[in-house]
Structures are given as structure tokens and as C-alpha cells.
Amino acid sequence: MYHKTCSHCQQKSYSSYSEGHWGCPYCQHDMTYQKAVANSEQPPYIIRYFLSKLHKKLLLKRNSI
Ligand SMILES: [Zn+2]
């Protein structure tokens, strides 16, 4: 996902592509040549961290029974 902030009305609009025509959905301002900002998705190591935490919790639970 990418987003651009309209230089005209300051509203954010989102798109899955940074290429092609990009018009502001709020004021119809042409934002095609504005810089698209990539929305950072959760990096994999964060997911791994949570999974390992969850796994440890499950193991602790199993050991305490
Ligand atoms: Zn706008």
C-alpha cells in the first residue's frame, strides 16, 4: 500500500500502486507527480518475535499443569 498527502487539501489517499494517475478523492487535485509513501508492513522479525513469545507461553502453561 502507498499513500500520498494531497498538497491542496492535506487529506491522505491510499492506493496499492504508486504508478499511474493519482487524483485526490477529496478535491480531485492531480497528485500523480507527488511522492508516494510506502506504508511499512510489519517486518517479519516482529511476527517471529511474537510467535516465539506465544510459543514460550504455551510451553510454560503445559509445564505448569
Ligand atoms: Zn485534495
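Val-37 counts as partly exposed because 13 other C-beta atoms lie within 10 Å. On this scale a residue is buried if 20 or more other C-beta atoms lie within 10 Å of its own, exposed if 12 or fewer, and partly exposed in between, with C-beta atoms placed from the backbone. Please keep in mind that this is a predicted model, in which local features need pLDDT of at least 70, side-chain atom pairs count only at pLDDT 80 or more, and totals for chains, interfaces and linings use all residues. Residues are numbered from 1 along each chain as its sequence is written.

Let us stay with Val-37 for a moment. Val-37 sits in strand S3, where strands (E, at least two residues) and helices (H or I, at least four) are DSSP runs, numbered from the N terminus. Leaving aside neighbours within four places in sequence, Val-37 is in contact with Tyr-2, His-3 and Lys-4; a contact here means that the two C-beta atoms, placed from the backbone, lie within 7 Å. Val-37 and Met-1 are 36 residues apart along the chain, yet their C-alpha atoms are separated by 8.6 Å.

Those contacts lead us to the sheet. Strands of a sheet pair through backbone hydrogen bonds, either parallel or antiparallel. For two strands to count as paired, DSSP must find at least two bridges between them. S1 and S3 pair in the antiparallel sense over two bridges, and His-3 has Val-37 as its bridge partner in S3. Strand S1 (residues 2-5) is also joined to S2 by four bridges, and these two strands run antiparallel. Within that pairing, Lys-4 has Ser-13 in S2 as its bridge partner, while Thr-5 stands opposite Lys-12. Put together, the three strands form an open sheet in the order S2-S1-S3, with antiparallel pairing. The edge strands are S2 and S3, each of which pairs on one side only.

Now follow the chain around the turn. S1 and S2 form a hairpin with six residues between them, and Gln-10 lies in this loop between S1 and S2. Phi of Gln-10 is near 65°, a positive value in a residue other than glycine. Most residues other than glycine have a negative phi, and most peptide bonds are trans. Gln-10 counts as exposed because it has 10 C-beta neighbours inside 10 Å.

With 11 C-beta neighbours inside 10 Å, Gln-28 counts as exposed.

Ser-18 belongs to the loop between strand S2 (12-15) and strand S3 (37-38). Ser-18 has 14 C-beta neighbours inside 10 Å and therefore counts as partly exposed. Not counting residues up to four places away in sequence, Ser-18 touches Tyr-2 and Ala-36. Ser-18 and Gln-34 are 16 residues apart in sequence, and their C-alpha atoms are 9.9 Å apart in space.

Finally, step back to the whole chain. The protein chain has one helix and three strands, and along the sequence they follow the pattern β-β-β-α. Of its 65 residues, 6% count as buried. Among the contacts in the protein chain with a separation of 6 or more, 28% are between residues 24 or more positions apart.
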